[in-house]
Amino acid sequence: MKLLIPIFLACFFAGITTSFAQNTGIISGQITSVDKLPLESVSVSLIELNKGTLTDNQGNYQIPNLVPGKYTIRIQMLGAAEKDLPVEVTEGQTSVISYQLKEENIHALQEVTVMGSTNKFSKKESIYVARLPLKNLENPQVYTTVPKELIQEQMAIDLGSISKNVPGAGIPMLANQGRVTFRQRGFETEPNARNGVAGAAFSSIDPANIERVEAIKGPSAALFGTNVSSSYGGLYNRVTKKPFNGFGGEVSFTGGSWNLNRLTLDVNTPVNADKTILFRLNGATTFEKSFQDQGLTRSLSIAPSISYQITDRLSLWLDVEFGQAKGTSVVRFNPFTGSNKTQSIKDMKFPYKRLFGANDLTYDTQMLNIFAQLNYKISEQWTSQTVISRSRSSINGYISALTGRTDSTLRASVTKGYTAFIATDIQQNFIGDFKIGNFRNRLVVGLDYYNNSNSFDRIAINGPTINFINPAANSKINAQVIDALASTGTVRAENNGDNSYAVYASDVFNVNERLMAMLSLRVDRYKSQGVYNIATAVTTGAYNQTALSPKLGLVYQLLKDRVSVFGSYMNGFFNKAGSDAAGNAFKPEQANQLEYGIKGDIWNHKLVGTVSYYDIRVKDIIRADPNDVNYSIQNGTQQSKGVEFELTANPVKGLNVVAGYAYNDSKYTKADETLQGLRPALSGPARTLNFWVSYRLSQGKYKGLGLGFGGNSGSDSYQTNTVKSKIIIPAYTLLDASIFYDQTRYRIGFKVDNLTSEQAWSVRLTPQAPARFMGNLVLKF
């Protein structure tokens with residue numbers, strides 16, 4: 001009897017539901033781009049009922065349980081004109097209303113996803129590079145995108161592995177606490193932009209929630225300022241995964257050499273019945289030992305994201321990253337240069353597989369990034385975009401490097417204590433797409449406020465001197481040894497911070513449908529709060545500076561939407577404190593770049609590529625005053641010029657090719673006599689090459705089976721490069737290979753990094769791992 005009651009109730013309510021459904025109707029359809037590709041996350045609403053939903057990853061939508069009658073469907077996408085369509089609902093029937101966008105601008109401001117691209121590794125369209133929904137062929141700036149599809153195929157589990165696909169990135173440099181930096185056009189570049197605004201993380205960044213990485217080339221201060229670690233070589237922007245309309249996800253496990261264990265999770269689901277509130281959760285945990293005699297890393301990352309279509313005009317995106325890690329510092333060797341000679345790290349007899357540390361000499365990091373974006377469609381021509389980004393990183397424990405004392409000895413330089421970095425970025429953008437007469441304008445006008453606050457409470461300690469060629473049995477450097485020397489260390493207890501206030505504008509003006517001009521300008525007011533010494537309670541070094549940063553560009557499409565030629569002028573700057581011997585305050589250091597080239601997207605997106613030449617001139621570099629050793633002067637100059645090439649191709653079904661080449665010629669053109677005319681140290685190789693080729697069976701019994709092979713190479717570079725002393729980093733070629741079997745519900749992969757176990761070093765002389773074997777299992781749902 002007890003069992004019959006729930007059965008009866010279930011049948012009763014099922015009957016009510018069925019009866020209700022028979023008395024109502026359904027509206028459904030598909031939204032596609034001008035290229036007939038499905039569009040995801042487009043707002044579809046019923047005007048009469050103030051009820052709406054979003055399209056799924058195939059561009060489909062459905063609004064059920066509607067009382068029969070006449071309605072109006074409204075299709076809204078930020079960055080495109082709204083469309084109202086009449087529809088009549090019939091009892092028990094499905095009314096199909098589909099719509100294809102008429103405008104060519106298929107990428108909207110709320111990051112609508114265009115599905116079904118022929119070349120899955122070439123997803124170039126970005127709303128962040130120009131802060132406008134601008135196509136790659138319309139943009140006079142060069143940038144490289146690495147999408148999640150390529151990241152997955154290469155089984156990349158860190159940002160360094162992802163950067164292998166960026167021309168000129170070189171071997172990534174691991175900094176103090178797992179933070180990674182790259183080379184770009186001869187300058188150090190960090191991945192501290194997130195969804196187009198500051199998202200600094202002075203710790204390791206897990207790529208579990210990354211949709212794609214955008215390597216934006218050249219000095220980009222006009223639109224990005226200098227607060228998102230925009231160097232003269234450009235910046236790296238991390239675009240995070242956004243919730244989508246549907247339930248799904250995957251769980252992945254990766255195991256490999258040196259006790260690698262990595263577990264990731266990606267779950268997405270609508271929250272409400274109308275599917276206007278969407279939630280996505282990405283997470284990862286990783287443990288790995290070093291290939292050296294000591295060393296480990298252990299990390300945890302959690303990244304929830306919520307998308308809310310509040311009304312057909314108003315949407316909110318909230319994205320959070322939380323990460324914590326524990327690890328040992330990697331080797332960062334600064335050789336002795338007092339012998340005044342030219343030598344290669346390969347000939348120094350430095351032990352490649354020795355850490356000269358212990359597993360108790362660890363640091364703990366914690367990172368929290370909060371990103372909120374509110375989009376409001378003011379009219380068909382204008383959109384308001386409000387962005388708030390808050391980032392916090394902290395490091396506690398031991399951070400170490402190795403400093404050469406002689407040609408055969410070194411000592412550990414250890415920083416012990418606590419450091420915290422907090423940054424807040426608030427932006428208000430007004431984005432328009434309108435015509436003046438017959439001329440189209442795409443305009444962004446923005447306000448940007450940035451606050452940075454740092455605190456230090458740590459001690460710099462020098463460890464004992466040891467012989468690295470013939471180390472003694474008791475030469476191990478551990479926490480006990482360093483703690484015993486803490487009383488001899490140098491204390492750093494201080495707070496510092498700064499504020500930046502900026503206004504910028506950028507307009508893309510269509511002279512005609514093929515010729516476009518871009519004009520951008522930024523005014524930036526920087527206020528340094530100085531350094532507050534906690535011991536003396538004295539603040540020193542406060543100063544203010546104002547900088548102007550212009551950007552100009554021309555694009556002409558030789559073949560409409562297929563081939564374009566471009567030329568651009570871009571500017572970057574860095575604020576500089578201090579004054580010269582005469583008391584003249586220093587002004588911001590400036591870099592100006594001229595670049596021109598050609599972009600192509602042909603054969604139905606099967607061949608996409610860029611070739612460009614650039615010339616960067618840096619001026620107002622601060623250098624030592626040759627007439628007074630106690631002061632500096634601001635008249636140094638530097639030049640960095642070169643050629644870059646990138647290509648993604650899908651020549652036949654199942655075959656994908658990614659390739660890049662970069663040549664960079666950098667030198668000091670006016671500098672101290674020890675550096676004059678030389679290539680700057682730490683600028684990376686002058687020549688780099690990257691490629692990845694994969695083939696996947698697209699039909700037959702073994703459909704989904706694939707192979708991948710790729711590599712990265714670089715020419716000689718320098719860790720130290722002066723007239724008297726040179727430390728050479730030898731050329732390298734690193735090869736990778738993989739095999740995988742990808743199915744609807746699962747994916748199995750196996751990969752080997754550095755097939756030949758070649759010995760290679762980063763610019764900070766960190767030895768790279770020999771052959772690493774990894775196996776990966778992904779379960780999809």
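How many nonpolar, polar and charged residues does the lining of the second largest pocket have? The lining has eleven nonpolar, 19 polar and five charged residues. Ala, Val, Leu, Ile, Met, Phe, Trp, Tyr, Cys and Pro count as nonpolar, Asp, Glu, Lys and Arg as charged, and the others, Gly among them, as polar.

The model is predicted; local features need pLDDT of at least 70, side-chain atom pairs pLDDT 80 or more, while totals for chains, interfaces and linings use all residues. Residues are numbered from 1 along each chain as its sequence is written, and side-chain values use heavy atoms, without hydrogens and water.

The second largest pocket holds about 850 Å³ of space. Of its 35 lining residues, F202, T226, N452, N454 and D498 are the closest to its centre. Strand 31 (515-533) gives the largest share of this lining, five residues. Strands that supply at least two residues each include strand 14 (187-189) and strand 30 (490-510).

The structure holds 22 aromatic pairs (Phe, Tyr or six-membered Trp rings with centres within 6.5 Å). One of them, W317 with F371, is edge-to-face (planes over 60 degrees apart). The centres lie 5.3 Å apart, with 70° between the planes. W317 lies in strand 23 and F371 in strand 26, so the pair ties together parts 54 residues apart in sequence.

The charged end of R185 lies over the ring of Y614, 4.2 Å from its centre. That of K599 lies over the ring of F566, 5.3 Å from its centre.

Conventions. On a 1 Å grid over the protein atoms alone, a cavity is a set of points where a 1.4 Å probe fits but cannot get out, and a pocket is an open set with protein on both sides within 12 Å along at least five of seven lines; lining residues have an atom within 4 Å of a point. Grid points are joined across faces, edges and corners, and a volume is the space filled by probe spheres set on the points. Helices (H or I, at least four residues) and strands (E, at least two) are DSSP runs, numbered from the N terminus. Rings of Phe, Tyr and Trp (its six-membered ring) pair if their centres lie within 6.5 Å; planes under 30 degrees apart count as stacked, over 60 as edge-to-face and the rest as tilted. A charge sits over a ring if NZ of Lys or CZ of Arg is within 6 Å of the ring centre and within 35 degrees of the ring normal.
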